[in-house]
Amino acid sequence: MRKPLIDYVAVFRALPGMVALLTPDLIYADANDDFLRLAGRTREQLLGRYIFDVFPENPNDPAAAGMRETRESMLRVVATGERDTMALLRYDIEDSHRPGVWREHYWSPVNAPVHGPDGHVALVVHRVEEVTELIHARGGPNGGARARVLEAELYTRARELQEVNERLRRAHAHEREVALALQAAMLPAPGPTGPHAAAVRYRPAVGALNVCGDWYDLVDLPGDNLAVAVGDVVGHGLAAACTMGQLRSALSAACRVADGPAQAVEALGLYARFVEGAEATSVVTTFIDWDSHTITYSCAGHPPPALVHHDGTVTFLDQATDPPLAARPEHLPRPQARIGFTEGATLVLYTDGLIERRDEDIDAGLARLAASLTHHRRSAPEPLADALLADLLPTAGTTDDTALIVLRL
C-alpha cells in the first residue's frame, strides 16, 4: 500500500488546543487556528514579531510576572534542549479591538524544543491551555465563597512551586559552574612533551546536573619518559569533581615513584578505599619509554587505549585489564602488559563518554573509534582530537563527560 501524503502544515493548523511555534529569539514563526482564535489575533499580527510585542504584560497589574516567567521558560528550552512545563499562570491580554482594555486570563503553558539537523534547538513549541473559565467557574454563583478561597489557595501554591523550582534551577546551575571551574583548574593544558606533540580535550555532559569526574594527566618520568593516564569517577556534580581531583593528584604522585603502571594503579586502588565516592572509579595508565619504543600499560575497569599504526591499523591495549578501583574486597596486584611502537604512531586515551551509548554494545563504539582513527590517521594531534569529537559525539551532546588525550609517539 502506498504511504499517504500528509500535509503537515494543514495538520498543524488543525491541531486542537493553542499551539504556536517560535524561533530561538522568541519570534513567532507560526500558530495554529485555535491559537489565533482564542488569543484574538490574526496570523499577520503574529508572524515575524517578538512574542512580548504582540502580547505585552498588563501595566495595570503591579504583581504581574507572566512575561518574565514565560520568557525564562522558553529560554531554558533553547539553552537545554529540554521540555519545560510551567505552573498555572495569570497573563492578561489586551483587547485587540479596544486598546487599553485588558481581559483577565489564566493559562497552563508547556514549552518544548524542536531540534534542527545540527542538534541545536531550531524552534520552540509553545502550547497553552486556557483555564480562565475553569478558574472563574470555581468561584461563580454555584461555587460560593469557599470555592473562591480554594481557587486562590491553588493559584498561590502553584506560584510558590514555580518560585521553588526557579531557585533550584539557579542553585543547580551554580553547582555546575563551580564543578566546571574546578575541573578546568585541575585539567590544565599539557606541559612540554619534547618533540612529541600532544592534544587534550574535555567535554562536559549535557544538562545542569551532569558534570562528572573524568580526568586526564601527563606525568614526566625519569629518563625523559612519560606517563599518560585517564580516569572516570562514578557519580555527578561537585562531589564527583572533588573526588576526581584527589585521585588525579594521587595517581600523578604514584606514577613518579612506581616501577610501572601496575604498581601505580595498585597504589591508587589502596588510596581509593579511603576516599569517599572513589569506589568503582575506572582508570588506565600508560608508561612510555622512548628509548625502547615500548608502551607499558595497566587498566582498571576502563576502555582500552588505542594505538594507531602508520598503515592505519588500530590496536586496542586490552591485555592488562582488571576491575575498577576498590571494586573487590581483597587486595590483589594489578596486571600490566607491554607493546612496541614505531616512531610517528599515535596513542589515544579516552573516557567512555566518547564511545559508549545506552542502546548499543561497547564493541560498536570501539569500532566507530577505530574507523575514525584510521580515516584521520595522518592528522596531527590537535586536528585529530577535534575530528574524533566531531565524529563520535552526538550533535546534541551526551549524558556523560568525555576526556581525551592524543599523543604522537
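What volume does the largest cavity have? About 200 Å³. Hello everyone; this is a predicted model, where local features need pLDDT of at least 70, side-chain atom pairs count only at pLDDT 80 or more, and totals for chains, interfaces and linings use all residues. Residues are numbered from 1 along each chain as its sequence is written, and side-chain values use heavy atoms, leaving out hydrogens and water.

By cavity I mean a set of points, on a 1 Å grid over the protein atoms alone, where a 1.4 Å probe fits but cannot get out; lining residues have an atom within 4 Å of a point. Points are joined across faces, edges and corners, and the volume is the space filled by probe spheres set on them.

Searching the whole structure gives three cavities of 30 Å³ or more. Around the largest one there are 15 lining residues, with F55, Y91, W107, H126 and V128 closest to the centre. That lining has 13 nonpolar residues, two polar and no charged. Here, nonpolar covers Ala, Val, Leu, Ile, Met, Phe, Trp, Tyr, Cys and Pro, charged covers Asp, Glu, Lys and Arg, and the others, Gly among them, are polar.

Now the second largest cavity, at about 90 Å³. Its lining has 13 residues, and G269, R273, H331, L332 and R334 lie nearest the centre. This lining splits into six nonpolar, two polar and five charged.

Finally, I295: leaving aside neighbours within four places in sequence, its contacts (heavy atoms within 4.5 Å) are T286, F287, I288, L307, L317, A337, R338, I339, F341, L347 and L409.

Conventions. On a 1 Å grid over the protein atoms alone, a cavity is a set of points where a 1.4 Å probe fits but cannot get out, and a pocket is an open set with protein on both sides within 12 Å along at least five of seven lines; lining residues have an atom within 4 Å of a point.
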